[in-house]
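Subject: Structure for you to look at

Hello,

Here is the structure I promised to pass on. Please open it beside this email and follow along.

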Amino acid sequence: MILSLQPSAPVPLLLLGVRDEFTDRAWRPPGRHWAGPALSDLVGGMDEQAGGTWLAVDPARRRMSCLLNGRGTPAAPGTRRTRGELPLLAAGDGAGTCKELADDPDALAAYDPFHLVCADPGAAALLSWDGARPVFRDLEPGTHVLTNAGHAYPRPEVTEPKAVHFGPKFAASRPPGAPGLPLTAAWGEWLTLADGDGLPADAPEAIVARRAVDGGKPWGTTSQTLIGLSRDGLRYDFRAAGEDWGAVPVT
């Protein structure tokens with residue numbers, strides 16, 4: 001996940017979300033898939049296996065939430081809940097949800113480790129859970145890289161391969177991300193970087209990944225999302241692996 005927060009910009013919040021998953025896990029492209037007072041307006045892709053999502057946007061309230069699987073101690077099988085409900089809660093109820101969860105380790109114990117970003121045009125926060133200890137932090141203005149290892153860029157010492165390769169490149173070229181612009185004008189160099197920047201898909205630093213895991217099961221990048229969020233507008237572009245970018249309706 002790449003997140004750029006620049007409060008003084010016309011579009012203060014930019015995000016590139018990359019979903020890596022087993023390629024045979026069924027999912028639906030972004031839409032309004034959920035019912036209920038707090039969920040019916042949310043837009044996001046849906047994981048058909050568990051019913052949740054990896055990224056949700058509330059267009060009317062101009063807020064979004066994005067989830068990465070983390071590393072650590074898994075939840076007990078008998079009480080485990082899907083992590084895919086967390087972006088729905090955070091996008092539907094606001095960033096206060098991240099803080100409330102951080103203050104409630106008993107509730108967090110039902111989830112496998114994760115990193116959850118809660119953001120609007122004015123602020124972004126990160127809640128990380130490793131199965132034992134929650135860590136909540138506000139993300140400062142600037143460009144951030146988050147991976148399954150957590151907040152990887154900027155740091156005093158950047159060691160995570162994706163962050164080493166991509167952090168400075170995304171930080172050096174902040175696109176406008178504005179609604180109404182053609183795709184290339186809106187996202188500029190971020191499109192080239194999202195395409196993989198020429199790296200092989202099995203490289204440890206690859207942002208577009210493809211490899212066999214767990215005894216040969218195909219795993220890799222199944223979709224990418226670009227979000228531009230301002231106080232009076234939302235841009236939502238999406239592509240499934242191997243397909244072209246397309247605009248997601250948000251009105």
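Arg62 sits in the loop that links E5 and E6. Helices (H or I, at least four residues) and strands (E, at least two) are DSSP runs, numbered from the N terminus. Before going on, note that this is a predicted model: local features need pLDDT of at least 70, side-chain atom pairs count only at pLDDT 80 or more, and totals for chains, interfaces and linings use all residues. Residues are numbered from 1 along each chain as its sequence is written, and side-chain values use heavy atoms, with hydrogens and water left out.

Back to Arg62. Its phi is positive, at about 55 degrees, although Arg62 is not a glycine. Is it buried or exposed, or partly exposed? Arg62 counts as partly exposed because its relative accessibility is 22%. The cut-offs are these: buried means under 20% relative accessible area, exposed over 50%, and partly exposed in between (1.4 Å probe, protein chains only).

Asp197 also has a positive phi of about 55 degrees, and it is not a glycine. Look for Asp197 in the loop between helix H6 (189-194) and strand E12 (210-213). Its relative accessible area is 24%, so Asp197 is partly exposed.

Next, a cis peptide bond. It joins Tyr153 and Pro154, with omega about -5 degrees. Pro154 belongs to the loop between strand E11 (150-153) and helix H4 (161-172).

**The whole chain**

The protein chain has six helices and 15 strands. Its C-alpha trace spans about 50 × 40 × 40 Å along the principal axes. A compact globule of 251 residues would have a radius of gyration near 18 Å, and the chain has 17 Å, so the two agree. That radius is taken over C-alpha atoms, and the globule rule is 2.2 Å times the number of residues to the power 0.38.

How much of the chain is buried? Buried residues make up 50% of the 251 residues. The accessible surface comes to about 11100 Å², and 51% of it belongs to carbon and sulfur atoms. These areas come from the Shrake-Rupley method with a 1.4 Å probe; for residues, only the protein chains shown count as cover.

Now contacts (heavy atoms within 4.5 Å). Take the contacts with a separation of 6 or more: residues 24 or more positions apart account for 56% of them.

**The cores**

A nonpolar core is a set of buried Ala, Val, Leu, Ile, Met, Phe, Trp, Tyr and Cys residues joined through side-chain atoms within 4.5 Å. In soluble globular proteins, nonpolar side chains tend to be buried together.

The largest core here has 25 residues. Leu3, Leu15, Leu55, Met64, Ile227 and Tyr236 have the most contacts inside it. Strands E1 (2-5), E2 (13-22), E5 (55-58), E6 (63-69), E7 (114-120), E8 (123-129), E13 (217-230) and E14 (233-240) each give two or more residues to this core. Another core, of 21 residues, lies apart from it; among its residues are Val11, Phe170, Leu191 and Leu226.

Which residues does Leu3 contact, leaving aside neighbours within four places in sequence? They include Leu13, Leu15, Val117, Ala124, Leu139 and His144.

Ser223 lies in strand E13. It is buried because its relative accessible area is 2%. Not counting residues up to four places away in sequence, Ser223 touches several residues, including Trp27, Trp54 and Phe238.

H1 (86-93) is mostly covered, with six of its eight residues buried. Those six are Leu86, Pro87, Leu88, Ala90, Ala91 and Gly92. They pack against E5, E6, helix H2 (96-102) and E7. Just after H1, Gly94 takes a positive phi of about 100 degrees.

Leu101 is in helix H2. With 12% relative accessible area, Leu101 is buried. It touches Leu86, Leu108 and Leu127, not counting residues up to four places away in sequence.

For contrast, find Pro77 in the loop between E6 and H1. Its relative accessibility is 69%, so Pro77 counts as exposed. Pro77 and Leu39 are 38 residues apart along the chain, and their C-alpha atoms are separated by 26 Å.

Best wishes
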